[in-house]
Amino acid sequence: MITKEQIPAVLNHPILDEGGKKIGEARHVFLDDATGRPEWASVKTGMFGTSESFVPISHASVVDGHVEVPYSKTKVKDAPHVDVDAGGHLSATEEHRLYEYYGMSWDESWARANDPGESGWAHGGAAGAAGTGADPTGRTTTGTGSAALAGNDRAGYQDDALTRSEEELHVGVERRETGRARLRKYVVTEEQERTVPLRHEEVRVEREPITEADRDAALRESEIGEAEQEVVLHEERPVMETEVVPKERVRLTTEEYTEEETVRGQVRKERIDGDAEIIDDTDEPGYGR
């Protein structure tokens, strides 16, 4: 729960959602009309902080220079836009819309606002003047809305000085998809040639005369008759087969490069000039006499 003493730690400080993402900067804090306790904060959202959304801070907490709320960033950014009057006051009707959007119980908050001993938060809103009024359900409640405590206020006190503000240019980056790459494996068939030597056998008839050295062997077979001799011939033929052999491993990787790009935007600054008006009273009776 945010206390009144913690308001300076909320105003102009980052507000983070339930997941730790920054929603924006706290622009105003709204206090309950009846109890004076902080109940709502308006958050500057959008790329350049040009929009404001309302978020309950009754269950928020201040942690290390920022505020954490139990809602998502999208939930807060999509909150209904409400009109705040010239005095920075949130009406009961507008507050009803916020209660309904955030799923908060109006009955419970009404009971707490009208229970003097209750330390919880109440309906209504910010540091407006206490009063009585009938809410849309017909009940009589204390507090008729919420008044804003802006970033240049401190726990309800203001000095007589002017605050000069200026816009600061904040540039972020977003990551987007520029394309996709993929690997696809498929099969192709190609012709290949190999030259291989092939051997074969052929029959050749050799004739040789009988010599003294082999005369005896020839005489043993000199009888006339029929005979035959058989020789087996051989040849080589090409035989093909394929074998699957791993050749390489292929994968996709990405490389990141950083390059500088200059962006330009317009920011507004406030200037404070002073002037003085000199009153000439030299013509007044009695002057210099």
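This is a short chat about the predicted model shown above.

Reader: What should I know before I start?

Author: This is a predicted model: local features need pLDDT of at least 70, side-chain atom pairs count only at pLDDT 80 or more, and totals for chains, interfaces and linings use all residues. Residues are numbered from 1 along each chain as its sequence is written, and side-chain values use heavy atoms, with hydrogens and water left out.

Reader: What is the mean pLDDT of the chain?

Author: The mean is 77, and 74% of the residues reach 70 or more. pLDDT is the predictor's confidence in each residue, from 0 to 100. Over residues 116-144 it is below 50, though this stretch has 102 contacts in the model beyond near neighbours in sequence. A contact means heavy atoms within 4.5 Å.

Reader: Where else does pLDDT stay under 50?

Author: Over residues 151-158. Where pLDDT is low, the predicted coordinates should not be read in detail.

Reader: OK, the fold. How many helices and strands?

Author: Five helices and ten strands. Both are DSSP runs, numbered from the N terminus: helices are H or I with at least four residues, strands E with at least two.

Reader: Which residues of helix α3 are buried?

Author: Ala92, Glu94, Glu95, His96, Leu98 and Tyr99. Buried means under 20% relative accessible area, exposed over 50%, and partly exposed in between (1.4 Å probe, protein chains only). Just after α3, Gly103 takes a positive phi of about 70°.

Reader: What does Arg97 pair with?

Author: Glu94, in a salt bridge with the closest N and O atoms 3.0 Å apart. A salt bridge is a side-chain nitrogen of Lys or Arg within 4 Å of a carboxyl oxygen of Asp or Glu. Both residues lie in α3, three residues apart, about one turn of the helix.

Reader: How many salt bridges does the structure hold?

Author: Eight. Among them is Glu236 with Arg199, at 2.9 Å from N to O. Glu236 lies in the segment after α5 and Arg199 in the loop between β10 (145-150) and α5, so the pair ties together parts 37 residues apart in sequence. Arg199 counts as exposed, at 62% relative accessibility.

Reader: New topic. Which residues form the nonpolar patch on the surface?

Author: Leu169, Val171, Val263 and Val267. Together they have about 320 Å² of accessible area. Val263 is in the segment after α5 (215-220).

How values were computed: Patch = residues over 30% accessible without salt bridge, like charges linked within 9 Å, V, L, I, M, F, W, Y side chains within 5 Å. Areas by Shrake-Rupley, 256 points an atom, 1.4 Å probe, with all protein chains shown as cover.
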